[in-house]
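User: Please examine the structure shown below and answer a series of questions on its fold and on selected residues.

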Amino acid sequence: MKYASAAALSALAVLAGPVAEAASTAPGHTAAAQAVRPSISAKATVGSVRAWQQFRIYGKTQHLRAGTRVTLQQWQGKRYVPLPVHMTTNRTGGYNLRVKLGLIGRNSLRIVGGGAVSPVVHVNVHR
């Protein structure tokens, strides 16, 4: 038989449809599992410092290439402002920034780079 009937083809499509959908949505094969998001961790070596006293903010990145530039940002007014403190990550994804702050009070800091943003780190600066 050279030609199949329209009813037979539509029945075949109905039977193959759910099987094909089940195969494409199998566990571990979802679009969310394939798109891994980059992340950055951040910690300060101190919780409180004197104005202009040096301390460090360090952390690691995940799912970012080595050599990615990371920048320190500080909450000022109503937005985060980039500070002139930056470096590139090392071959293991780590970074270690030297920081000096002069803004007295509680400072909210974060690291950004490669499309990722770290959690906020708080450092109290006093006189």
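**Fold and selected residues**

Analyst: The chain's secondary structure amounts to 2 helices and 10 strands, where helices (H or I, at least four residues) and strands (E, at least two) are DSSP runs numbered from the N terminus. This is a predicted model, in which local features need pLDDT of at least 70, side-chain atom pairs count only at pLDDT 80 or more, and totals for chains, interfaces and linings use all residues. Residues are numbered from 1 along each chain as its sequence is written, and side-chain values use heavy atoms, with hydrogens and water left out.

User: Which pattern does the chain follow along the sequence?

Analyst: The elements comprise 2 helices and 10 strands. Read along the sequence, their pattern is α-α-β-β-β-β-β-β-β-β-β-β.

User: Is Gln73 buried or exposed, and what is its relative accessible area?

Analyst: Gln73 is placed in strand β5. Buried means under 20% relative accessible area, exposed over 50%, and partly exposed in between (1.4 Å probe, protein chains only). Gln73 is therefore buried, its relative accessible area being 12%.

User: With which side chain does the side chain of Gln73 make a polar contact?

Analyst: Contact means heavy atoms within 4.5 Å. Leaving aside neighbours within four places in sequence, Gln73 is in contact with residues including Tyr80, Leu83, Ser108 and Arg110. A polar contact is a pair of N or O atoms within 3.5 Å; within protein, one must be able to donate a hydrogen and the other to accept it, and residues adjacent in sequence count only if both atoms are side-chain atoms. At 2.7 Å, the side-chain partner of Gln73 is Arg110.

User: Is Pro84 buried or exposed, and what is its relative accessible area?

Analyst: Pro84 belongs to strand β6. From C-alpha to C-alpha, 7.8 Å separates Pro84 from Thr71. Pro84 is exposed because its relative accessible area is 78%.

User: What is the relative accessibility of Gly67?

Analyst: Gly67 sits in the loop between β4 (54-62) and β5 (69-76). Not counting residues up to four places away in sequence, Gly67 touches Thr88, Thr89 and Asn90. Gly67 counts as partly exposed because its relative accessibility is 42%.

User: Which residues touch the most other members of the largest nonpolar core?

Analyst: A nonpolar core is a set of buried Ala, Val, Leu, Ile, Met, Phe, Trp, Tyr and Cys residues joined through side-chain atoms within 4.5 Å. The largest has 20 residues, and those touching the most other members are Phe55, Ile57, Leu72, Tyr95, Val99 and Ile111.
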